[in-house]
Amino acid sequence: MKNTRYPNVVEFEVSGSYGLFSDPVTRIGGEKCTYQIPTYEALKGILMSIYWKPTLIWYIDAVRVMNPIQTEVKGIRPIKYHGGNDLAYYTYLKDCRYQVRAHFEWNENRPELAEDRNENKHHEIAKKMIRKGGRRDVFLGTRECQGYVEPCAFGEGTGAYDATPQLAFGLMYHGITYADEAYSEQTANRMTANFWYPVMERGVITFLRPEECPLHKPLREMKPKVFGNTLDNFSGLLEFGR
């Protein structure tokens, strides 16, 4: 449930020559094949590279696919776990461009950071970081796919699928709920994978919140990191002011 006073919405466009949005299960080795559209988790990771603090949680509301969906297969020489190189074929998305709309809410699992809950501060910094292209490097799903961020008005301009009434993509990985973003007793102190059935309507995919996904799979137990004001636990509150 939304726990902020204002919408705190941000809108931006992210683009890149290539993208690789795949299920993490396929990332343990071998050949990788991208989904046709970016995942919720990948877009959230992009936004966290733009601006993030443990005080808040970013929620991706929607993504608009601006360029035609096309793929390209590349021969890759990945490094083997025990040394040497292997040969694999990776399937990438090509010429990617997306408009993204998102908002943040306070992380109720972080009561120790309640003093940092200043909506105007975080919202203005996030918008500034979008104008600057992000605080950290941006990647479209994986490190070899460099991305570039700039502000936009969501829905502005012509998209490749504006005239397509509906396009379904079947069962798809949505994202991971970590212990520090738990929203229920079932997700507390564990890592949980979420799955859903995305549908694109006239180029726009409206995301479900993690707790609204129809399928959830617990992966493993984990404890959330605790932030405080101790010398060995940097919080950023006392050191640089609130």
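Predicted model: local features only at pLDDT ≥ 70, side-chain atom pairs only at ≥ 80, totals over all residues.
Local features were considered at pLDDT of at least 70 and side-chain atom pairs at pLDDT 80 or more, whereas totals for chains, interfaces and linings use all residues. Residues are numbered from 1 along each chain as its sequence is written, and side-chain values use heavy atoms, with hydrogens and water left out.

The chain contains two helices and 12 strands, taken as DSSP runs numbered from the N terminus (helices H or I, at least four residues; strands E, at least two), and its elements follow the order β-α-β-β-β-α-β-β-β-β-β-β-β-β from the N terminus. The radius of gyration, computed over C-alpha atoms, is 19 Å, close to the 18 Å given for 242 residues by the globule rule (2.2 Å times the number of residues to the power 0.38), so the chain is as compact as a globular protein of that length. Of the 242 residues, 46% are buried (under 20% relative accessible area, with a 1.4 Å probe and protein chains only). Among contacts (heavy atoms within 4.5 Å) with a separation of 6 or more, 71% join residues 24 or more positions apart.

The largest pocket holds about 360 Å³ of space, a volume filled by probe spheres set on grid points joined across faces, edges and corners; a pocket is an open set of points on a 1 Å grid where a 1.4 Å probe fits, with protein on both sides within 12 Å along at least five of seven lines. Of its 17 lining residues, Glu41, Ala42, Gly45, Phe139 and Gly141 are the closest to the centre, lining residues being those with an atom within 4 Å of a point. Helix H1 (residues 40–50) gives the most to this lining, with seven residues.

Note on methods: Buried < 20%, exposed > 50% of the residue type's maximum accessible area, 1.4 Å probe, protein only.
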